[in-house]
Amino acid sequence: MTSQVDINKVTVVALVENEPGVLNRIASLFRRRAFNIDSLTVGRTHKPHISRMTIRVVAGPEYARKIATNLQKLVNVIDVRVLDNEPHVERDLALIKVRNDDAESRNTITEICDRYPARIVDVGPKVAIIEMVGTEEILEEFIDEVRPTGIVEMIRTGVVSMGRGTRIHDTNFTRRDLAKIQDELSAGGNGNVI
Amino acid sequence: MKLTGSEIIMECLLQEGVHVMFGYPGGAILPTYDAIAKYDDRLHHVLVRHEQGASHMADGYARATGEVGVCIATSGPGATNLVTGLATAMMDSSPILAITGQVPIPAIGSDAFQETDVTGVTLPITKHNYLVTDVRDLAYTMKEAFHIARTGRPGPVLVDVPKDVQLAETEFEYPEGEIRLPGYHPPSSAEESEVSAALRLIEEAERPIILAGHGIMMSGAMQELRELSERAQIPVALTLLGKGGMPEDHPLVIGMMGMHGEASANLAIQEADLLIALGMRFDDRVTGNLKTYALNARKIHIDIDRSEINKNVRADVGIAGDLKTVLTQMLPKLEPKSHQQWIARIRDWLEDSSERDILNYETPGRLLTAQVINDIWKHTQGEAITVTDVGQHQMLEAQYYPHQRPATLLTSGGLGTMGFGFPAAIGAKFGKPEEEVWAIVGDGGFQMTLCELATAAQENINVNIAIINNFFLGMVRQWQELFYEKRYEATPLFNPDFCKLADAYRIPNRRVTERDEIEDAVQFARDIDGPTLIEFVVEKEEMVYPMVPAGADLHDMKRRPKPGEGS
């Protein structure tokens, strides 16, 4: 059994205000518009009031643009990009707990990990935890190789993406604060591509 | 100046030009009602009998004036009663602001008495909503809420204010200057390349048609629409909510499109080689089967909401922008054209339609809805603001009360909310006291919100209620007749004596059963400065035609029978 990475996956990246309820608004949008998403990750940016989301969609770019225009309608969503064809770096992280209770499995695991950007981060008498970081494709490949040894538990973060080079997706917006907001925004637009 | 949260709400309303609000008190909103008492001389509060009525009144006010309508309710059940009104406003892009009380902050999440997660409940049916947790944020939040409600594609905004925030004090100063939200930038003008692409399609078209929607009026682009249509000789079909965007007696207006639209409009759409869709969203009630919709036509779609473009119908040129701005960009470069053959072809369809006009039917001893509505039109000189409910009478209003001016037909199009008409008419009259306002409602829908008769009587508001009474949920019955072999389950209505009901509220009333009584009754209603109710007892089992059955092709219409073919 091999799990193929769908070539029709498109990535949507959104900058959102880091405010209570924003994730709820976005989740509610996906549900009510019946958008099928493959993975969604949220995390802070270097600006504490802005979070960044990476949304992977199993669909064509047109569908992704539909998601993007709907996301953009949400007041707390600052900027949305569809990373379609555009060169970008993407990473997914997996923690995989594997069976490790005989010499053969230990050897297999070590051998596989040597060939991938993977590390064993916890070892016990029965199981070990592998940390693996890479593109979604490499992760899938790695998981397929490890699977016969016996995966007992697994978690993945979902893909995060960033455009290469000067495709900068950022904003000068800092906080919803009346005094500041005027200065900050008059200093420059949002999400400029420089 | 130190004010309480409640007083800040009042000050903000005044700053935003609000003079009337519709609401119902309760525990969690009581501090604000206490402030309302202090501001009574500048802010009129209309006490409704059910919060749903308040939301529809705010909506009617907003639709009639283009300004934000305000409604107010307490926490829990008060707020959940607003839900239908918010959803109605959301679907029809109507700017309303709902202020709701909430349990005090320390009680939030504890299932306190009358606690509901109102921002959670209303999330998908508001353009945006807020839970204010600090009185210092209140003024700014109110300003933002008004801004979001009225700009871009307008819509309802809800501000949920916990009781302790209403009571807390802070220094008040209304935030000056423009609202700048980092994630909120409604589009305005079009790119030059988009304008020229659109003009090129218009230039190349031989059978173009304009589909004019609600956006025409929201953007105030009536004059621009007319110029576009006249200069390039392009016929205009209207959506239900687009009625009033161009005078209906204009020779280039070819009627309403869609499920109960005129054959002339629907056939023209199916034969057109270019659709110019302006401020409309290709609702399923407008397109019928998308697979066979306007297959010969290229499409230009201009709408302020980018997500509407390519949502249902693929646009060859899609422009996200403000209609008035974009049309103003296009008009100077628009070459005059004529489409004589095309217009002649549409005229033929119009002629065929007028042969089938219900008003040509001989109906001795029977009163038809179309006759009632057309006579109301005649005796109000076509100048009234009519507010309809939902169903057969709504479609017949659209067909038989031509509207010449914008915002004179107010109706729940997207959500199809029964019970909307009467309270929305009250709101419209508060917004436009100088206009004559008629609520044209069915016997079914009226009974959903008739408790507002007390509101109308208490306010002595001059709204004329025309109940089209067929003792049926007429539109549902029509579907049962056509698609469920006349199994009239749950559609025949036992009705109260509407005139006695009006008597109970001390509202002057009449009952009309014959066509020659209509004029008198309409005049009777117009002469009274206050609410009146006229019950028109009409034919029980009427049909509304033309009709495109749900999901059928747009050209696949059941037509009105010609006179003599039975009706």
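Is A:D79 buried or exposed, and at what relative accessibility? At 13% relative accessibility A:D79 counts as buried, where buried means under 20% relative accessible area, exposed over 50% and partly exposed in between (1.4 Å probe, protein chains only).

## Basis of the model

This is a predicted model, in which local features need pLDDT of at least 70 and side-chain atom pairs count only at pLDDT 80 or more, while totals for chains, interfaces and linings use all residues. Residues are numbered from 1 along each chain as its sequence is written, chains are lettered from A and ligands numbered from 1 in the order in which they are written, and side-chain values use heavy atoms, with hydrogens and water left out.

## Chain B as a whole

Chain B has 23 helices and 20 strands, these being DSSP runs numbered from the N terminus (helices H or I, at least four residues; strands E, at least two). The radius of gyration of chain B is 24 Å, close to the 24 Å given by the globule rule for 567 residues, so chain B is as compact as a globular protein of that length; the radius is taken over C-alpha atoms, and the rule is 2.2 Å times the number of residues to the power 0.38.

Along the principal axes, the C-alpha atoms of chain B fill a box of roughly 70 × 60 × 40 Å, and 62% of the 567 residues count as buried. Among contacts (heavy atoms within 4.5 Å) in chain B between residues at least 6 apart in sequence, 76% join residues at least 24 apart.

## The interface of chains A and B

Chain B gives 25 residues to the contact and chain A gives 23 residues. Between them the two chains bury about 2,000 Å², 55% of it on carbon and sulfur atoms, buried area being the accessible area (1.4 Å probe) that two parts lose on being put together, summed over both. In chain B, the residues that lose the most area to chain A are B:L123, B:R180 and B:P182, together 30% of what that side buries.

Two salt bridges are found across this interface, a salt bridge being a side-chain nitrogen of Lys or Arg within 4 Å of a carboxyl oxygen of Asp or Glu. B:D305 and A:K73 meet in a salt bridge through their side chains (2.7 Å, N to O).

## Helix α1 of chain A

In helix α1 (residues 22-32) of chain A, the buried residues include A:V22, A:I26, A:L29 and A:F30. Their cover includes β1 (9-17), β2 (39-44) and α2 (61-73) of chain A, together with β6 of chain B. Just after this helix, A:A34 takes a positive phi of about 55°.

## Salt bridges within the chains

Over all chains the structure holds 48 salt bridges. In chain A, the side chains of A:R81 and A:D79 meet in one of them (3.7 Å, N to O). In chain B, B:E355 and B:K562 meet in a salt bridge (3.3 Å, N to O); B:E355 lies in helix α15 (residues 340-355) and B:K562 in the segment after β20 (532-537), so the pair ties together parts that are 207 residues apart in sequence.

B:D375 forms a salt bridge with B:K378, the closest N and O atoms being 3.7 Å apart. B:D375 is buried, with a relative accessible area of 5%, whereas B:K378 is partly exposed at 45%. Salt bridges that share partners join A:K73, B:R153, B:D305, B:E308 and B:K311 into one network.
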